[in-house]
Amino acid sequence: MDFNFWDPFTWIGEWLLNLLVGWGLAETIALTLLRFAGAVVLALVLLLIGGVLFTWLDRKLSARIQDRLGPNRVGPFGLFQGIADTLKLLTKEDIIPAGADKIVFNLAPLLVTMSVVGIWAVVPFAPTLIGTDLNVGLLYIISVGSIGTLGIMMAGWASNNKFALLGAFRTVAQMVAYEVPMVVVLLVPTMFTGSMSVHAIVEGQSSLWYVALAPVAALIFLTTSIAELGRAPFDLLEAESELVAGFNTEYTGIKWGMFFASEFLHGLTISALTAAIFLGGWQGPGAEARPLLGFVYFMIKTMVVYFGVTLLRFSMPRVRIDQLLDLNWKFLTPLALAAVCVTAVAEKLALATNWSRLGVHIIANVGLLILTLGALWVRARMVRRRFETEQMRLAARSESAAD
Amino acid sequence: MHDQWTFIAFFLPVGFLAAAVAIIAGRLLGPRKPNPIKQSTYECGIETVGEAWVQFRIQYYIFALIFVIFDVEAVFLFPWAVAYNKLQLYMVLEGVLFILILAVGLFYAWRKGALEWS
């Protein structure tokens with residue numbers, strides 16, 4: 001096969017396969033070996049990007065937003081800061097507290113890293129570049145993502161530290177809660193595509209991105225993803241004023257670094273998933289024929305979402321735990337259920353009546369939004385009334401006490 | 001189908017081992033000078049009182065129950081969503097009815113005060 005500049009991925013794969021088969025390997029063994037090599041390369045690149053490049057990017061962005069310079073000493077623009085940090089973390093002493101459960105304590109950062117890296121197996125980077133095209137991709141993303149919650153609980157419990165345990169409890173309450181609207185809202189792209197494969201979902205967006213058809217669902221997905229990530233405004237799992245550092249209080253050196261790197265990688269992960277599921281992934285003009293172009297489109301979309309998430313992170317105050325759970329159970333979950341019902345009916349309506357698909361969905365979503373705002377208005381008025389009568393009663397009582 | 005999962009079978013252990021290698025390297029490269037004070041559990045600089053493995057009042061076990069209900073619901077709904085394009089309108093409405101019944105359950109839990117964090 002000739003080298004095609006626009007599709008280097010297929011070319012590299014076929015070249016390596018031919019090479020291995022040329023060495024006398026059976027084709028199935030060669031394919032398995034290639035899959036293994038692909039897995040190693042993808043995992044290492046992701047960990048490097050998450051641990052080295054994105055810590056730098058995040059610090060630079062936060063510095064910009066807070067009117068500082070950020071890292072600027074190590075290398076051009078401080079670009080090698082991540083490498084310096086990694087070296088420093090590697091040479092720090094590995095302290096295991098005396099009361100800790102050693103096996104679980106060491107296992108926790110590994111599980112967290114594995115869960116975050118594992119999600120990327122089904123993310124389609126380009127039409128011809130995807131780890132593996134699972135037909136249950138969305139379920140895989142959710143289930144592998146939940147392993148991270150387990151890792152955090154293990155870290156908090158094994159530390160035998162009260163702050164770590166409380167932080168882990170909060171994290172589990174938060175992650176378990178926000179998984180519900182996330183799972184429910186993922187039904188929407190599944191309905192549109194008729195498949196749970198992420199690759200098929202991206203291909204289904206060739207004419208219209210799903211964010212246009214289901215803006216409410218996209219917004220809920222992004223919000224719940226940020227909550228799963230545990231970043232501001234939902235970062236109370238490591239509320240430093242209350243919990244020291246949350247679940248990773250007792251961790252030092254590179255073990256702590258693993259939590260840190262996987263958090264940054266998770267930030268990139270949710271951006272990539274939002275880009276793939278709702279923003280059309282690698283779809284764009286000319287991407288079908290030129291996979292390299294598709295890769296660039298995908299990266300641009302991911303970066304835009306990542307920038308948005310970072311901007312949100314540095315502009316929002318932290319919410320309280322009861323507010324956080326209220327937002328999830330009393331707002332996002334009913335809204336996600338309503339969004340799925342409305343979308344299911346609207347899509348069938350559009351098919352049955354030959355109306356514009358986009359128009360029907362936009363009207364349905366706007367209607368849903370108006371209903372939601374109305375419900376919020378009624379509820380806010382109810383709460384305010386209750387508060388005012390309470391205040392009046394208190395004032396009357398203090399007056400009578402003064403008499 | 002089988003081929004799709006071989007990649008996962010490689011990928012997850014590689015992710016796990018990559019982190020393990022980093023941690024072992026940190027073990028080898030870093031100094032090791034343990035002493036009792038350094039290894040004591042951190043408690044804001046004061047002496048550690050007791051251990052953390054005591055019975056906590058877990059405030060969210062009802063949340064956890066509701067979570068289980070809704071997660072199972074979602075598992076039931078995914079086949080419905082995958083088959084959506086082949087379904088008649090009344091089948092879609094049946095799915096919606098299923099969601100509404102669960103929504104009623106959520107509102108019941110809400111009215112009963114199960115969704116309050118206290």
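At what angle do the axes of α6(A) and helix α2 of chain B cross, and within what distance do they come? The points below take up this question after a few words on the model.

1. Basis of the note. This is a predicted model, in which local features need pLDDT of at least 70 and side-chain atom pairs count only at pLDDT 80 or more, while totals for chains, interfaces and linings use all residues. Residues are numbered from 1 along each chain as its sequence is written, and chains are lettered from A and ligands numbered from 1 in the order in which they are written.

2. The two chains. Chain A has 15 helices and 2 strands, where helices (H or I, at least four residues) and strands (E, at least two) are DSSP runs numbered from the N terminus. The C-alpha atoms of chain A fill a box of roughly 100 × 70 × 40 Å along the principal axes, and 50% of its 403 residues count as buried. Chain B, with 3 helices and 0 strands, runs α-α-α from its N terminus, and 21% of its 118 residues count as buried. A residue is called buried if 20 or more other C-beta atoms lie within 10 Å of its own, exposed if 12 or fewer do, and partly exposed in between, with C-beta atoms placed from the backbone.

3. The interface between the chains. In all, 67 residues of chain A are in contact with 54 residues of chain B, contact meaning that the C-beta atoms of two residues, placed from the backbone, lie within 7 Å. Several helices of chain A each supply at least two residues to the side that touches chain B, among them α2 (27–65), α6 (162–185) and α12 (253–277). The largest share of that side, 14 residues, comes from α14(A). By class, the side of chain A that touches chain B has 41 nonpolar, 15 polar and 11 charged residues; Ala, Val, Leu, Ile, Met, Phe, Trp, Tyr, Cys and Pro count as nonpolar, Asp, Glu, Lys and Arg as charged, and the others, Gly among them, as polar.

4. α6(A) against chain B. To answer the opening question, the axes of α6(A) and helix α2 (residues 61–82) of chain B come within 10 Å and cross at roughly 25 degrees. Axes here are lines fitted to C-alpha atoms, for helices over the stretch in contact, and angles run from 0 to 180 degrees between N-to-C directions. The two helices α6(A) and α2(B) are therefore roughly parallel to each other, since angles under 35 degrees count as roughly parallel, over 145 as roughly antiparallel, 65 to 115 as roughly perpendicular and the rest as oblique. The residues of α6(A) that meet α2(B) include A:Val176, A:Val180 and A:Val184, and those of α2(B) include B:Phe63, B:Phe67 and B:Phe70. This contact has 11 nonpolar, no polar and 1 charged residues.

5. α6(A) within its own chain. With helix α10 (residues 215–229) of chain A, α6(A) packs at an angle of about 155 degrees, with the axes 9 Å apart, and α6(A) and α10(A) are therefore roughly antiparallel to each other. Among the residues that meet are A:Met175, A:Tyr178 and A:Met182 in α6(A), and A:Ile220, A:Phe221 and A:Thr224 in α10(A). The residues of this contact divide into 9 nonpolar, 3 polar and 1 charged.

6. Domains of chain A. The domain assignment, which is automatic or from a database, gives domain 1 (1–91) and domain 2 (97–319) of chain A. Their C-alpha centres lie 19 Å apart, and the contact takes 21 residues from domain 1 and 22 residues from domain 2.

7. A buried tryptophan. A:Trp282 lies in the loop between α12 and α13 (291–315) of chain A and is buried, with 29 other C-beta atoms within 10 Å. Residues up to four places away in sequence aside, A:Trp282 touches residues including A:Pro124, A:Val202, A:Phe295 and A:Phe298.

8. Most residues other than glycine have a negative phi. Phi of A:Asp67, in a residue other than glycine, is near 60 degrees, and A:Asn160 has a positive phi of about 60 degrees although it is not a glycine.
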